[in-house]
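Please read the points below alongside the sequence and the structure.

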Amino acid sequence: MAPEEENLSVGRLRWRRFRSVRRAWWSLIVLGALFAVSLLGPLVAGDRPLLMEYEGELFVPVFAFHSDAEFGGSRASEADYVALKSRADFAEGPNWMVFPVVPHSPYRSHLDSPEPPPHAPSAEHWLGTDASARDVLSRLIHGFRVSMLFALALTLVSAFLGILVGGAQGFFGGKFDIVAQRLVEIWSALPFLYVVILVGSVFGRSFWMLLLSMAAFGWIGLSYYMRGEFLRLRNFGYVKAARALGMGRFHIFVHEILPNAATPAVTLLPFTLIGGIGSLTALDFLGFGLQPPTPSWGELLSQGLQHLYAPWIAVSAVAALFFTLLLATFVGEGVRAAFDPRAERR
Amino acid sequence: MSREVLKIEGLRIGVKSGAETRELTHGTDLSVRAGEFFALVGESGSGKTITAQAALGFLPQPGGTRLAGRVELDGRDLFSLPEEELRKIRGKEVGLVFQEPSSALDPLMRVGRQLKETLLLHGGSEGADERVREMLRAVELPERVLDAWPHELSGGMQQRAVIAMALMHRPSLLVADEPTTALDVTIQAQVLELLAKLRKELDVAVLFVTHNLALVAQRADRLAVMEKGSIVEEGSVEDFFRAPKHPYSRRLLASVPKLPEPGRISVPDAGAEKAGTPERRTILEGRGLRVRFATKFDLLGRPTEWLDAVDGVDVAVGEDHALGLVGESGSGKSTLGQTLLGLRLPSEGEVFADGALFATPAGLAMRSAAEERAFRRRFQIVFQDTASSLNPRSTVFDILARPMLAHGICAKADARRRCAELLDLVELPSDSLGRFPHAFSGGQRQRVAIARALSLRPKLLVCDEIVSALDVTIQAQILGLLKRLRKEFRLSLLFIAHDLAVVHEVCDDVAVMKSGRIVERGPCAEVFARPSDPYTKKLLAAVPRIGAE
């Protein structure tokens, strides 16, 4: 070990090692940037202007509600800015508006074209429109945000439950462990897909309901790892020493064992994320996922399958899914390399 | 002067990692003559194993490279030979014995088959069975071993089998790399004796790599001392032990804890005897302790056979008192230590701390966590394995401060100063506070572990083989530290060790454990001078001594 590395914590050393895996580091940057962009949502893809001037007054419609009536219309509902822009009196005055990069809402159907949907890619719709004449790119961007948020939340909840259950089993061991392990096995034998469909049809399909029912099964794999790690580590010298020092159970669990048992958890996280994205897409594809018209990649995929003559739908969705999963896998690879115990013993 | 079997000249071996090459041996010269017992002595990291392995044409992996020098075996330069030729020489003209016999044997192959395979590797199958039996007799193993699996043999028997394999082709040189270090002292003596006998019978030169000077004193003809990749002294064993020339050699020799010859010690008269005085107050006591582990289970998972790791032991440590607990591996001494601290519950018997009931088979006797903490505070433990006894994710400051804060010994604002004091106490620089355990050497980590144990100002320290994984010079420093701490804090010790000489150096009284029982106990001087139990006698006789020949 080089002398300047000597005083780094294990975590810092691993972070360095992760960054030295260039493919992983770049994938993390790209994936992070894409996610950040998608988090901006309507600022990137939407049909409300970022900024507009109407009769000498400035408006920020992307953040504030303005009714049609405020802009010389008759309805009290939200103004249709696309229509407004092309209205004769708007274009004649000193009025202007700036739309986001992708000036289409993921929900708006563009039925003004003489062609029946889906429309092929054009200057207006870069990736074409889907069967309901909605902009594919806009739906991809919003779908990415939904997928990532869902998968991240699922990963966090699963990790928490997995660490808690597996950790407690390994920490206490003995009869508690045996009984808990049998219960976990029974639980894991439940067919997860049926449960998700059942819960969805009883309580309705929503983001949170889906998250809850998927998290209820997602933690099991991790809990096995955590149980094993805790069982192994609780016999280590520093854990025994902490017991001899009279440290509390909570302290030993959180400060002594957990940081050292976290390796399998952290190594698994990117792959849990990938699994989350995949499962959500699959459920949406089958129609058991999120409530339409939520923008979703799985729903786009199933449209692509139904409209194979409009290949831009399927190609866009598959390509987006492919690259996302590829990037996440590269990140996972880097994490695994960073946590490789063989590298630590050099 | 007899023929030189092995001649190493100006050997410099380095390890490449990335663009830089780190040199591990700096021009080593040594020669082993035919039929000679040559010892290569050094502490960990001195380059002794790298040098010894070069005698077989091996380089450290990965990235090992020979920078300069040559290794001649029977006149042939090994590193100029093609790999194919080298392979024929290894095992045939030079045999190798490792430290850990269990990893040198294939666990999935019967011993007999492994022995025979070694033979077939370099020659015809004619008379193979006969030769295997012959070697088996030579290493004094019974023939039933042929049909046994490696795990069915004891460590000593495994090492005998490995030696038989190494000598199967009647090599002219046997390289033995710490062959007895993993073995108990009585077994170690047997294996050494066997090596000495075989050397005469088969006229094979032995290159014996070890950290243990006492072993060398008993058996070797000549020796070389290595330090930091260089040989600092080479010569005959008699000359070396009479007057070591190099300062490092002298330091090494001075660090070896010495056990006086039985019979030569003047037994102290009863008046001067400090140890075991009855008025000393007992602070930790085990009565009728038994700890059993289930070893076999029936179909329903109910235990059917038990092993009594601790088999009815009464033991007591008094105030300002150091009790040594010695025994070979598996004697139950560590289990006893952990049971006395309540880290493991006894199956029978009770533990008393300061006269109050502390642990029973049903659990700890305390009613509340606070009460338990108050008990815990007085009794601390230090472990053998320094790599696992400190949390790799905590800084030294966290390691030392957390217990003190949990016990309310010092305020948060005061913690840093108190930790620095503790480091000072164990002679570590105070800038160590922000560092992580992996930045320290084994000896330094052991000091941190001692500091952690002392952070609560305990009355008694259980030292579980705390120096057995350390180099002898470091061992001497740690023992010196312990003795000083004892005096300064009137600290009591329960000193668990397999090394009798170490116990003799630190303890007032000693208890000898065998198969879970204490077979003999008494003041150190008395037990070591006039052992009464046959096992103690055997143990003492097996201890290698400097100047015994």
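1. The contact between the chains takes 26 residues from chain B and 19 residues from chain A, where two residues are in contact if their C-beta atoms, placed from the backbone, lie within 7 Å. On the side of chain B that touches chain A, the largest share, 4 residues, comes from α12(B), and this side has 12 nonpolar, 6 polar and 8 charged residues.

2. This is a predicted model, in which local features need pLDDT of at least 70 and side-chain atom pairs count only at pLDDT 80 or more, while totals for chains, interfaces and linings use all residues. Residues are numbered from 1 along each chain as its sequence is written, and chains are lettered from A in the order in which they are written.

3. In chain A, helix α12 (residues 297–306) and helix α13 (residues 311–338) pack at an angle of about 145 degrees with their axes 8 Å apart; helices are DSSP runs of H or I, at least four residues, and axes are lines fitted to C-alpha atoms over the stretch in contact, with angles from 0 to 180 degrees between N-to-C directions. Among the residues that meet there are Trp297(A) and Leu300(A) from α12(A), and Ile313(A) and Ala314(A) from α13(A).

4. The largest nonpolar core has 214 residues, a core being a set of buried Ala, Val, Leu, Ile, Met, Phe, Trp, Tyr and Cys residues joined through C-beta atoms within 7 Å, and buried meaning 20 or more other C-beta atoms within 10 Å. Helix α5 (residues 136–172) of chain A gives the most to this core, with 14 residues.

Conventions: A residue is buried if 20 or more other C-beta atoms lie within 10 Å of its own, exposed if 12 or fewer, and partly exposed in between; C-beta atoms are placed from the backbone. Helices (H or I, at least four residues) and strands (E, at least two) are DSSP runs, numbered from the N terminus. Ala, Val, Leu, Ile, Met, Phe, Trp, Tyr, Cys and Pro count as nonpolar, Asp, Glu, Lys and Arg as charged, and the others, Gly among them, as polar.
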